[in-house]
Number of protein chains: 2
Amino acid sequence: MAKKNEKMVDAITSMDEDFAKWYTDICKKAELIEYTSVKGCMVIRPYGYAIWENIQKILDDSFKQLGHENVCMPMFIPESLLNKEKDHVEGFAPEVAWVTHGGSEKLEERLCVRPTSETLFCEHYANIVHSYRDLPKLYNQWVSVVRWEKTTRPFLRSREFLWQEGHTIHATAEEAIEETERMLNCYADFCERSLAIPVVKGKKTESDKFAGAVSTYAIEALMHDGKALQAGTSHYFGDGFAKAFGIQYTNKENKLAYPHQTSWGVTTRLIGAIIMTHGDDNGLALPPAVAPIQAVIIPVAQFKEGVLDKAKELLDRLLSVGIRAKLDDSDNSPGWKFAEYEMKGVPLRIEIGPKDIENDQCVMVTRHNREKSFIPLDDLETAAAAKLLEVRDGLYEKALENRQRRTYQCKTMEEITAVLESKGDGFVEAMWCGDEACEDKVKEMTGVGSRCIPFEQHEISDKCVCCGKPAKHMVLWGKAY
Amino acid sequence: MAKKNEKMVDAITSMDEDFAKWYTDICKKAELIEYTSVKGCMVIRPYGYAIWENIQKILDDSFKQLGHENVCMPMFIPESLLNKEKDHVEGFAPEVAWVTHGGSEKLEERLCVRPTSETLFCEHYANIVHSYRDLPKLYNQWVSVVRWEKTTRPFLRSREFLWQEGHTIHATAEEAIEETERMLNCYADFCERSLAIPVVKGKKTESDKFAGAVSTYAIEALMHDGKALQAGTSHYFGDGFAKAFGIQYTNKENKLAYPHQTSWGVTTRLIGAIIMTHGDDNGLALPPAVAPIQAVIIPVAQFKEGVLDKAKELLDRLLSVGIRAKLDDSDNSPGWKFAEYEMKGVPLRIEIGPKDIENDQCVMVTRHNREKSFIPLDDLETAAAAKLLEVRDGLYEKALENRQRRTYQCKTMEEITAVLESKGDGFVEAMWCGDEACEDKVKEMTGVGSRCIPFEQHEISDKCVCCGKPAKHMVLWGKAY
């Protein structure tokens, strides 16, 4: 039996040996995904999809509390519609999939499969927004989008991925900017509270903003290997799209005016972020808020009288207080089960055997640090709930500690190169003059690109890390997924 | 103010005048959908999408209680994969949308946008099913699919539509057949209990079954105009797909065997069924279980002191017992609001004005029959809950009565033609010998096609309605949406 256990653990590449391989091993072994014959697309398996459903549930509730409504737009965009906003089409046309035939007939106009839906929302807004009374519209949709990527990786970059895209339209620029910031904060709170992933909030540089946006905000997280991952974005469009699509409304002064728009989104990428932030060599480690199974009960010596009955009793008690619990009474050995649920990242393991029953207790083991406690059965529900909070906090602290350890303040290009070489990849905080040429040069010389201009600024120096001219911003730099 | 009200009501075509126009008027006026420049595709607006979300929530809970798990398959199917099962590809290839280019490059193999996902599930099952221990797999997904229809109508027939598709795989034929029937019953219960739509359960004839199926079961509903609508289908595949896709498992006797499969689905068509079953000349009438707003509170003389406060108090009380309530305190007139929420099909209207407050009461009006009651404020929650049950039952009874009135037993072709002409469209119950030629001839001569062979059989005669030979089944015939 121990052999089975070892075999399973052996099957994952260690993260230090090959982080990329470790990542895909977890995706497969934890049964999150399976490859398909559709290049660059994957099956999201039940365990992976249940994580996404939990993410959806929490975010969707937040969106609705903030007054947003869900809609559903077509998945196709006629080429002429995509072409209406110049910057937007330039950004997306090179990476869309084109439908050219319906049945055996060639289409008069080809249709792209949506890479994002600004154009469709704009067309709709032009139809339904006429007066200031029609504003704001706070819409969102949960769909999949397609971008024809050359190299793909499960969750991180695939040709089709799931996301939500919020699209809002407001009477004034102020309202729209406020919305852009509100949704970025909504994402940041979600990542930190529910996913236990610390994030840096900031603004993208000009060269890095969304095609068609006035400004793009993002949250950036640092993965276990020191690479950065953009976990969510929120865009302010000004009235550029409104002008391109002829969206006008009659304001309170009875004059025609252009409204202001935003869009914002997070994707199944968040599952990749969870894996690479919390996972370890034993597999996945899931934050309790989105874990499909929050607590697994594993009976020890389950063939002995009373063990399974007691285990079922514990299961019912946990379920009745709203904990997503599961009892594994299969005939695999406890050791095999321990390894299996560690691989699947279940936050809390509860063991119950004849001796425990005698002592009126059970054993609780938290996944992220493998700490073991003996819990009186009377305290089961309270202790389990407390342990789940502990797991969330523990995961967060560990991730924050990793980020802090790997965030470097640098005053010169040489310092950047040296610190990355000696300490490994991470976030670099360094000053920037605002010139795109310097941004490009930092990337070219040191390998790290600008991730964002953090809202929380502190001065590392008063000079641009690249050209030495007066600095405008502290920029967060990193290698990105 | 009354003028506004009248204007709105005038704007709908009456159902007797032009049922098709009445239908699309409701779709637009109740703000369920909006057209787009993507031919045959529509925007599902917030109010329409909220109905779908409620449908999803109830069905998804049922599916999960029956042990199903959600997954997500790619939206694309490579042409070679679609081609693997002969009958299936023949059924679907003529109506799929083809992606031929990714960015500026021509694809080596074209991809269709899924019209349904049997082929993808089969490929996946071939990868993950090896032993009897891996069976059954009870999977489902909530996605959109595309079928290149020539003529389209909102919800009833569109090039893209939303649905769920269940796909299951079992060790034995018996288990798979049981699943097929279980899911048909699940759909029928949902339609009758939650949507208040009576349905007939039955089996499709050979000529009408799903491409690649051994047998197809369906639930059929009768719309207000006497036309039939297929509200859900459940297919038994035998081991045909397993053989075509090379899915094999090692059974308990350690021998290789082919598993047996099913698939089943309902679509956003159900929203069309709700409209055409319950709607009237004042607009939509929604069954409470899926109504986005179950009760709307309309203050009368809301500018008078205390009215709005009392209305808000009622709102809070209804919300606190889980009733989806809304208070409309906009400055539109009560009359305008009455018409607006009748158009939107809100099941229960609650009016509260100064006189009501004096009498410690409110007025409740049920949408489907416009019956008015005075309710003591103390009884608000109980009365509202009871009224919502009444609405569900009232809608169901009305629909059942319509179906019964429009279900005709016929022994000859002449009887069919005569009854349809004198009483209008409806369900025809008539006997059939089982010969496809007779099935075709009935349709050709009388205009009604076979809808299904009802599970509940009764003998209208012992002879086929067409050829006079011995009858095998009573068939339900009708004109279909």
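Two strands count as paired if DSSP finds at least two bridges between them; helices (H or I, at least four residues) and strands (E, at least two) are DSSP runs, numbered from the N terminus. Within this pair, A:Trp98 has A:Cys112 of β6(A) as its bridge partner. The two strands form a hairpin with 2 residues between them, and A:Gly103 in the turn has a positive phi of about 60°.

Residues are numbered from 1 along each chain as its sequence is written, and chains are lettered from A in the order in which they are written. Because the model is predicted, local features need pLDDT of at least 70 and side-chain atom pairs count only at pLDDT 80 or more, whereas totals for chains, interfaces and linings use all residues.

Strand β5 (residues 97–102) of chain A is also joined by 5 bridges to strand β5 (residues 97–102) of chain B, and the two run antiparallel. The residue partners are as follows.

The contact takes 43 residues from chain A and 43 residues from chain B, two residues being in contact if their C-beta atoms, placed from the backbone, lie within 7 Å. On the side of chain B that touches chain A, β5(B) supplies the largest share, 6 residues. That side divides into 25 nonpolar, 11 polar and 7 charged residues. Here Ala, Val, Leu, Ile, Met, Phe, Trp, Tyr, Cys and Pro count as nonpolar, Asp, Glu, Lys and Arg as charged, and the others, Gly among them, as polar.
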